[in-house]
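Student: I am new to this structure. Could we go through what makes its strands count as paired?

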Amino acid sequence: MNEAPLGLLFSVLAALILLSGFFSGSETGMMSLNRYRLKHLRSQDHRGARRASALLERPDRLIGLILIGNNLVNIAASAIATVIAIRLYGDAGIVIATFLLTLVILIFAEITPKTIAALHPEGVSFPASVVLLPLLKVLYPLVMAVNTVTNGLLRLLGVDPSRGGDEHVSTEELRTIVTEAGALIPQRHRGMLVNILDLEAITVDDIMVPRTEVYGIDLDDDDDTILAAIQNSTHTLLPVWRDDINNVTGVLHLRNAGRVLTDGRLDRAALEREMDKPYYIPESTPLHTQLLNFQKQKRRLAIVVDEYGDVMGLVALADILEEIVGEFTSNLSDTDDEIFPQRDGSYLITGTASVRDINKALDWELPTDGPKTLSGLVLEYLESFPDGAVGLTVDRYRLEILELGGNIVRTVRARPETA
């Protein structure tokens with residue numbers, strides 16, 4: 001090599017540095033590939049994705065191949081650089097070669113190619129796989145020899161090299177992926193997907209209509225009252241009970257309302273014939289489970305009961321769907337709003353307002369793991385029923401009781417506390 005022209009040595013050195021950059025960039029690019037996008041491209045019969053997937057099936061072999069190639073190239077480059085430096089500067093060239101070659105490898109064979117590969121993993125990995133896949137076959141005996149030793153050391157450390165990385169995604173990780181998808185998924189669709197993920201953490205008692213607000217038919221009422229309830233209903237399905245809502249006897253679909261009338265008068269026998277049997281569910285049922293149960297049972301309305309069998313309220317299929325897509329129906333009986341913004345930045349909120357609805361409307365984070373209404377939340381924090389108007393702080397929100405009535409808080413002034 002000492003007899004070789006300097007021009008040839010410089011050319012070989014430059015080629016070796018480029019090869020070193022190729023191996024360095026290939027390693028970063030392969031390890032930076034999005035595995036889920038890779039699966040998608042592979043399903044689309046993308047050649048580069050198929051080659052990269054074949055290499056990534058055993059990452060220990062891929063890394064072994066790349067590091068063997070990179071080290072061989074770097075050692076050869078170091079030897080040639082030393083020869084060049086000695087011929088140019090004598091014995092002092094060894095120090096000069098070490099410093100300059102280290103700087104050149106860092107810039108041109110490590111930092112630059114790895115940065116490019118990290119920013120454009122597919123653009124680097126897919127073309128590189130054209131070289132790496134056949135090279136693995138050529139160097140397979142050497143790669144296997146090195147991997148046999150390293151894999152033995154890994155097993156001593158309790159690591160199984162034959163297992164790939166954990167590609168399962170948790171609910172929280174999937175939520176982050178969807179949220180940060182940006183323009184790839186429209187904003188409204190991202191919201192729907194996140195809402196679907198949230199169904200697992202929400203139970204039916206979080207969204208049910210409480211028993212005090214249930215609209216239905218009491219068979220103990222007179223005929224005119226029952227007819228008025230049917231005619232004025234804004235709901236398609238009406239629960240029917242006798243004396244008390246705890247004694248639900250059935251559910252009437254208003255499409256059958258004409259069958260319960262005879263000459264314009266109520267036919268009670270026909271009413272009871274046309275009713276469907278009531279469908280009861282526990283209050284702790286997760287929404288995603290109840291959605292599947294509605295589908296399985298071919299039902300659209302369920303009566304929510306507590307552990308003692310007492311009716312807590314109602315939940316409809318539409319209520320669960322609205323948790324996913326947002327409100328798409330309007331309840332005509334809800335004529336009054338529950339949240340009233342004030343000029344000073346506070347809000348007057350009725351005590352019966354749902355804590356979840358308040359959080360949604362105001363983008364707040366009031367606790368939802370306890371009472372479902374604002375009145376219940378206030379009373380839980382006070383731990384007693386107040387004698388008059390009092391104020392309290394719940395997390396970072398200031399709540400002031402303005403009106404009490406019976407055994408509930410009727411009106412609250414609320415605002416976030418300033419930092």
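**Strands and their partners**

Tutor: The model is a predicted one. In it, Tyr280 has Ile303 in E8 as its bridge partner.

Student: How do you know that E7 and strand E8 pair?

Tutor: Pairing takes at least two bridges. Three bridges join E7 to strand E8 (residues 301-305), therefore the two count as paired. They run parallel.

Student: What makes strand E1 and strand E7 edge strands?

Tutor: The open sheet of four strands has the order E1-E9-E8-E7, with mixed pairing. Strand E1 (209-210) and strand E7 (280-282) each pair on one side only.

Student: Which strands does helix H13 lie across, and at what angle to E8?

Tutor: Helix H13 (residues 287-297) lies across E7, E8 and strand E9 (311-316). The helix runs at about 130° to E8.

Student: How do you know that strand E12 and strand E13 pair?

Tutor: Again the cut-off is at least two bridges. Four bridges join strand E12 (residues 391-394) to strand E13 (residues 397-405), so they pair. Their direction is antiparallel, and Thr393 stands opposite Arg398 in E13.

Student: How many residues lie between E12 and E13 in their hairpin?

Tutor: Two residues. Asp395 in the turn has a positive phi of about 55°.

Student: What joins E13 to strand E14?

Tutor: Eight bridges join E13 to strand E14 (residues 408-416), and the strands run antiparallel. With a cut-off of at least two bridges, they therefore pair. Leu399 stands opposite Ala414 in E14. E13 and E14 form a hairpin with two residues between them, and Gly406 in the turn has a positive phi of about 65°.

Methods:
Residues are numbered from 1 along each chain as its sequence is written. This is a predicted model: local features need pLDDT of at least 70, side-chain atom pairs count only at pLDDT 80 or more; totals for chains, interfaces and linings use all residues. Side-chain values use heavy atoms; hydrogens and water are left out. Contact means heavy atoms within 4.5 Å. Axes are lines fitted to C-alpha atoms, for helices over the stretch in contact, and angles run from 0 to 180 degrees between N-to-C directions.
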